[in-house]
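I opened the notebook to record what I looked up in this structure. The entries are in the order I made them.

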Amino acid sequence: MPEQLRKTTKEFLTTKDSVCSAADLTHGQVPADRPTLEGGEQEAAMLLASNYSPPSLPPVSLFDLLQALQVHRSTIPSHTVYAINIERLLSKLWHPSHDELQQDTIHRQEVMQREELQNQQKCLRV
């Protein structure tokens, strides 16, 4: 858009997110001005000063993923890929991994040691 035409336009709408084009009330869609380096630095400083942090969402669990795939079956158009991934999800949900089995063994050993210590302390009290 020529510079003269841009200067004569009184009402020029811009958005922060738009880099490619903007809406002009008299001429429709026109190329947008790129934000300056100083403007970007000012905006970044303002965001840091206001300590704005978007609300974080909880992590997605395997149950959430399974439910989403079952409700929205068309997200994976291939039946073969869908079936394989559902099987993987179900196996991860109901079959423990090696780490989980090892952690369970450690937990059982700790419980046995605690019970032995409690029994020894009871014998000493009597």
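At roughly what angle do the axes of H3 and H4 cross? I noted first that this is a predicted model. I then found that the two axes cross at roughly 150 degrees and come within 10 Å. Angles over 145 degrees count as roughly antiparallel, and H3 and H4 are therefore roughly antiparallel to each other. I also wrote down that H3 passes H4 in a left-handed crossing.

Next I listed the residues that make this contact. From H3 I have Leu-62, Phe-63, Leu-65, Leu-66, Leu-69 and Gln-70. From H4 I have Tyr-82, Ile-86, Leu-89, Leu-90, Lys-92, Leu-93 and Trp-94. I sorted the residues of the contact of H3 with H4 into 11 nonpolar, 1 polar and 1 charged.

I then turned to the core. The largest nonpolar core has 6 residues, and I recorded them as Leu-66, Leu-69, Tyr-82, Ile-86, Leu-89 and Leu-93. Helix H3 (62-71) and helix H4 (79-94) are the elements that give two or more residues to this core. The largest share, 4 residues, comes from H4.

Leaving out residues up to four places away in sequence, Leu-89 touches Leu-62, Leu-65, Leu-66 and Leu-69.

Last, I looked at the whole protein chain. I counted 5 helices and 3 strands, in the pattern α-β-β-β-α-α-α-α along the sequence. Of its 126 residues, 10% count as buried. Among contacts between residues at least 6 apart in sequence, 25% join residues at least 24 apart.

Note on methods
Residues are numbered from 1 along each chain as its sequence is written. This is a predicted model: local features need pLDDT of at least 70, side-chain atom pairs count only at pLDDT 80 or more; totals for chains, interfaces and linings use all residues. Side-chain values use heavy atoms; hydrogens and water are left out. A nonpolar core is a set of buried Ala, Val, Leu, Ile, Met, Phe, Trp, Tyr and Cys residues joined through side-chain atoms within 4.5 Å. Buried means under 20% relative accessible area, exposed over 50%, partly exposed in between (1.4 Å probe, protein chains only). Contact means heavy atoms within 4.5 Å. Axes are lines fitted to C-alpha atoms, for helices over the stretch in contact, and angles run from 0 to 180 degrees between N-to-C directions. Angles under 35 degrees count as roughly parallel, over 145 as roughly antiparallel, 65 to 115 as roughly perpendicular and the rest as oblique. A crossing is left-handed if the near helix is turned anticlockwise from the far one by less than a right angle, and right-handed if clockwise. Ala, Val, Leu, Ile, Met, Phe, Trp, Tyr, Cys and Pro count as nonpolar, Asp, Glu, Lys and Arg as charged, and the others, Gly among them, as polar.
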